[in-house]
Structures are given as C-alpha cells and as structure tokens.
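Colleague: I have a model open and would like to learn how to read it. Could you walk me through it feature by feature?

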Amino acid sequence: MRQIPHWIDGAAVAGTGPRRLPVWDPATGEAQAEIAAATAGEVRAAVLAARAAFPAWRAASLSRRAEVMFRFRELVDAHRKEIAGQLSAEHGKTTADALGEVARGLENAEFAAGAPYLLRGGYSEGASSGVDVYSIRQPLGVVAGITPFNFPAMVPMWMFCNALVCGNTFVLKPSEKDPSVSLLLADLLRRAGLPDGAFNVVQGDKEAVDTLIADPDVQALSFVGSTPVARSIYEAGTRAGKRVQALGGAKNHMVVLPDADIAAAADAAVSAGYGSAGERCMAVSVVVAVGAVADPLVDAIAERVHRIRVGAASDPDAEMGPLISREHRDRVAGYLTLADEDARIVVDGRRTTPTDADGFFLGPSLVDRVPTGSALYTDEIFGPVLSVVRVDTYDEALALVNGNEYGNGTAIFTRDGGVARRFQYDVLCGMVGINVPIPVPVAYYSFGGWKASLFGDLHMYGPEGIAFYTRTKVVTSRWPDPATSEVDLGFPKVR
Ligand code: NAD
C-alpha cells in the first residue's frame with residue numbers, strides 16, 4: 001500500500017509509527033493509500049525543526065517574507081489543476097468544487113504577500129519630554145494548525161500564509177482522511193524559497209494533536225473542525241497556556257421572505273445546500289421559509305434537486321461527488337429514516353444514489369416541514385440533506401436562527417433593504433449573507449462564527465489572523481536632547 005509521508009525540515013519523511021490509517025478513494029470505496037500515524041517522537045522532531053528554523057525566519061526582512069508568499073501564490077496558481085486533482089482523488093469533490101477551493105485558498109497567499117502593511121506598529125512622538133512611545137508586532141514562535149477533511153488545501157492556507165509571513169514557523173496536522181495535498185503545498189512553499197523547517201507536516205489523528213498540545217515549544221494552536229473537538233482543544237490548549245483559536249461546526253439557516261425572488265433563492269439554496277455534497281461548514285442546512293413563499297419555494301428547489309447529477313470527479317458532468325467515508329454516508333442517510341417519521345421527504349437521495357458505483361455516494365435529499373425538535377433540525381448533518389422549516393413571520397425566523405446552538409453563517413433573501421438591514425443588526429451569527437447564500441468573507445476580512453461555532457476571541461485569516469499570529473510590544477524610550485550632550489556632536493549647546 002502506498003504510504004503518505006510526513007514533511008519535516010524541508011523533506012518528505014516516511015512514517016515509522018505502527019498505527020496505519022487508510023486513505024480511501026471515496027469514488028470507488030477502495031483504500032488507495034495509508035498513513036503511519038505520527039509517533040510522539042515524530043511530532044517532536046517536526047516541532048524541533050520548526051523551533052530551529054524560527055530565529056532565522058523571524059530575522060528575515062518583511063520584504064523577503066512577503067516575497068516568499070508572493071512566489072508561493074504564483075506557484076499555487078500555476079499548479080491549480082494538480083492541486084485540484086489531488087483534492088478530488090482523496091476528498092471526492094468535483095473538479096469545479098476543487099478548483100474553487102484552490103481559488104479561495106490562493107486569496108490568503110495574496111493577502112499575506114501584502115501583510116507587512118498590517119505588521120506596522122504605532123508611534124507617539126513626545127509622550128513626555130524626550131520620551132517616545134511606540135508599538136511593534138512580533139511573531140509567537142512555533143505555531144500549529146489542525147485542519148478538517150472538507151477543505152484540505154484552503155483551510156491550511158487560511159492559517160499558514162499569515163502565520164509564516166508574520167515570522168512564525170508552522171507545524172500542520174492535516175486531516176488523516178485526505179492528507180496528500182498538504183505535501184504538495186509543502187513542496188510549493190519550499191520552491192517559493194521558504195527555508196527548511198519553517199513549515200512541517202505530521203500525519204496522524206488525535207494522538208498527534210494531543211502531542212502538539214502538550215509540547216511546550218508550541219506557542220499557539222489554530223483549529224478548524226467539529227464543535228466537540230474544537231471545544232476540547234480550546235480547553236486543553238488554553239490550560240497549557242497556549243493561544244488558541246478553534247472554529248467548530250455549524251447549522252446554517254437561509255431565511256427566505258415572501259418578497260424574495262423565488263428562482264434566485266432556489267438556485268442559491270441548491271448550490272449552497274448540495275455543493276461539495278453538503279460537506280461545507282458554510283453549507284446551507286436549513287431553509288426557513290416565511291409565510292406564503294414556502295410552497296412555490298419548495299417546488300422550485302425540488303425541481304432543481306431532481307436535476308443534480310451525482311458522480312465521481314472523473315465524470316466531467318458530475319455536479320456532486322461522494323461523501324468522505326462509508327460511515328459518514330450511512331450516518332447522513334440515517335437522518336432520512338428519521339425524516340420518514342417526522343417530516344415530509346420531497347426528494348429522497350437514497351433512491352437517486354448511483355447504484356452502479358461502489359463509492360460513498362448518496363443522492364441529494366430535500367425534507368419539508370421539519371419540526372425543530374427533530375435531530376434533522378438540531379444536528380449538524382454535514383451531507384446533502386436540506387431541511388425546510390416553515391414559519392409565519394420574520395420574527396419567528398429570527399428567533400429560530402438566534403436560538404440555534406451554532407452561529408457560523410446565515411443568509412436572508414429579500415427585495416427589501418430595510419428588512420435586510422434589520423436582519424444584519426439582529427442576527428447572532430459571525431457571517432451574514434444578504435441575497436448571498438454562502439457569505440465566506442474575502443481574505444481581507446476575517447472568517448469566524450459565534451456561539452458553538454468558535455472558541456476563542458480572534459477569527460481566522462485576514463486582519464484577525466495577523467493579530468492572532470503576533471504579539472504586540474510597547475516600547476517607551478527616552479533620549480536626551482543632543483543639545484544637552486557632554487560630547488560635542490556639533491549641536492549648539494544649551495545655555
Ligand atoms: P473533526 O473535528 O473530526 O476533525 C478535525 C481535525 O481534528 C482533524 O485533523 C482530526 O484528525 C482531528 N481530531 C479529530 N478528533 C480529534 C480529537 N478527539 N482530539 C484531537 N483531534 C481530533 O472534523 P472533520 O470531520 O474533519 O471536519 C468536519 C467538521 O469541521 C464539521 O463539523 C464542520 O462544520 C467543521 N468545519 C468548520 C469550519 C469552520 O470554519 N467553522 C470549516 C470547515 C469545517
């Protein structure tokens with residue numbers, strides 16, 4: 001079986017651990033490779049490589065660090081197809097979804113190339129006589145990133161582009177389910193001129209994460225994944241004295257008001273509900289249909305869902321790929337069994353799943369009249385199941401969004417600017433779309449939810465990413481006026 005290595009000190013390193021974890025091809029259901037889960041010694045070796053690389057990388061000038069990011073951006077751009085192919089091979093997403101992921105990741109390298117602008121400090125001249133006060137931003141040291149399976153290129157780039165340009169060195173623990181793309185990115189960073197040891201990858205799972213949390217040389221942890229793990233990493237990491245930002249799961253609501261453009265809302269619900277097989281933390285999971293819009297909206301969504309073509313990334317016409325694993329596919333399908341009792345299944349993905357494929361496929365499902373007490377509504381399903389909850393008023397819709405445990409993203413569809421403005425003011429979510437179903441912020445803003453979707457203070461990437469990966473120092477300096485100096489510097493003497 002092909003083994004996927006670690007990347008330590010600028011080179012691929014074969015894993016030696018006894019615990020082997022399979023990497024599946026979700027389109028065929030076969031194991032295509034394996035990782036040897038990193039041992040504590042291998043994780044420590046990666047941290048030590050990062051620690052050794054830190055002083056020189058920190059001392060590299062801002063323009064040099066920005067230049068590496070700029071070159072990395074160019075290399076990722078030139079290798080879009082190769083990266084996307086790797087994403088599809090292990091994650092299963094369609095080529096269009098994979099190319100979209102690369103494009104959204106690339107924005108972060110672009111942002112980082114301009115980050116020296118944000119690394120400036122402030123300066124107060126003459127705070128007292130001869131006294132100036134100024135602030136500087138300095139990197140933290142070795143920082144670690146722990147990333148989920150659903151965006152194995154983009155989410156690491158959310159983290160390491162900013163971390164590196166700030167002068168930190170990095171250890172990435174990617175998802176064990178689709179680990180290969182991290183090595184492609186590591187190689188592109190090396191080719192961009194990043195010194196050996198500044199970026200490392202350890203393959204593994206919880207054990208490697210626990211080792212990183214316990215390592216005294218790791219100064220900060222960035223995590224993206226499910227809420228229970230985010231919560232536990234936040235608690236363990238902060239207990240160990242580290243800076244932690246931990247982004248968790250989601251249950252994103254799309255509110256559709258009676259005045260909305262139904263065709264546009266239905267298109268949006270379908271692309272946001274089933275894109276990447278619903279395995280996006282910003283996927284729309286619940287459509288909240290307000291008043292009379294419900295019947296025509298459900299009909300319009302159903303008509304579109306019937307047309308979604310499910311298939312492997314090798315099928316150029318496929319619009320939705322398989323799920324990440326057999327267990328996950330079966331878990332998602334299990335929610336439809338619940339729906340049989342609680343709600344009305346309008347489109348049943350179990351019936352449209354390709355029967356000639358052995359991969360982890362499940363057709364798209366639409367479930368109407370979902371009760372808010374049902375697990376269909378309360379759980380993060382993370383698959384191609386879109387629920388519709390019907391309410392009578394805007395206030396009921398808002399109460400539903402605000403009462404939900406998660407607060408990652410939300411969207412409202414309306415033609416009324418005043419209502420949209422009220423919604424952006426009232427809603428308890430970190431990211432809001434107005435006639436935009438997946439409001440993932442561009443790289444010069446920051447990404448993060450509220451409530452159980454984020455543990456920590458600072459959101460990811462953008463300006464808050466720069467804040468997360470630096471600490472500020474304030475210097476108060478006093479210099480005597482040269483005119484008072486005992487040494488003759490050529491200044492007129494004070495009488
Ligand atoms: P996951 O929580 O199972 O795994 C995420 C990472 O944590 C992986 O690297 C995994 O190896 C590691 N991990 C798993 N269990 C662990 C444990 N007990 N202790 C320590 N580390 C552990 O998540 P996933 O299934 O890979 O990804 C899907 C989840 O990620 C969904 O809940 C989704 O909403 C969420 N997600 C959130 C965002 C966001 O920005 N908020 C973005 C993408 C994905």
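Colleague: Which residues are the closest to the ligand, and how many surround it?

Modeller: A residue is near a molecule if one of its heavy atoms lies within 4 Å of it. Here 27 residues surround the ligand, and the closest are K173, E176, S226, G248 and E380. Please keep in mind that this is a predicted model: local features need pLDDT of at least 70, side-chain atom pairs count only at pLDDT 80 or more, and totals for chains, interfaces and linings use all residues. Residues are numbered from 1 along each chain as its sequence is written, and side-chain values use heavy atoms, with hydrogens and water left out.

Colleague: Which atom of the ligand lies 2.6 Å from a polar side-chain atom of E380?

Modeller: An oxygen atom of the ligand. A polar contact is a pair of N or O atoms within 3.5 Å; within protein, one must be able to donate a hydrogen and the other to accept it, and residues adjacent in sequence count only if both atoms are side-chain atoms. The backbone takes part too: an N or O atom of G248 lies 2.8 Å from a ligand nitrogen, and one of G225 is 3.3 Å from a ligand oxygen. The ligand taken alone exposes 830 Å², of which the protein buries 88%; such areas come from the Shrake-Rupley method with a 1.4 Å probe, and for residues only the protein chains shown count as cover.

Colleague: Now the strands. In which sense do β11 and β12 pair?

Modeller: Strands of a sheet pair through backbone hydrogen bonds, either parallel or antiparallel. Helices (H or I, at least four residues) and strands (E, at least two) are DSSP runs, numbered from the N terminus, and two strands pair if DSSP finds at least two bridges between them. In this model, β11 (residues 218–224) and β12 pair in the parallel sense over 5 bridges, with A220 opposite R243 in β12. Of the 5 residues in β12 (residues 243–247), 4 are buried. Buried means under 20% relative accessible area, exposed over 50%, and partly exposed in between (1.4 Å probe, protein chains only).

Colleague: What is the strand order in the open sheet of 7 strands?

Modeller: The order is β15-β16-β17-β14-β13-β19-β20, with mixed pairing. At the edges are β15 (344–347) and β20 (431–434), each pairing on one side only. The twist averages 20° from one strand to the next; axes are lines fitted to C-alpha atoms, for helices over the stretch in contact, and angles run from 0 to 180 degrees between N-to-C directions. Inside this sheet, β13 (residues 252–256) and β19 (residues 409–413) are parallel over 4 bridges, and M254 has A411 as its bridge partner.

Colleague: How should I read a positive phi?

Modeller: Most residues other than glycine have a negative phi. R369 has a positive phi of about 55° and sits in the loop between β16 (365–368) and α13 (375–378). For F382, phi is near 60°; its loop runs between α13 and β17 (385–391).

Colleague: Is each of these two residues buried or partly exposed?

Modeller: R369 is partly exposed, because its relative accessibility is 48%. F382 counts as buried, because its relative accessible area is 16%.

Colleague: How many disulfides are there?

Modeller: A disulfide is a pair of cysteine sulfur atoms within 2.5 Å, and the count here is 0. C166 is too far for a bond because the closest cysteine sulfur, in C161, is 11 Å from its own.
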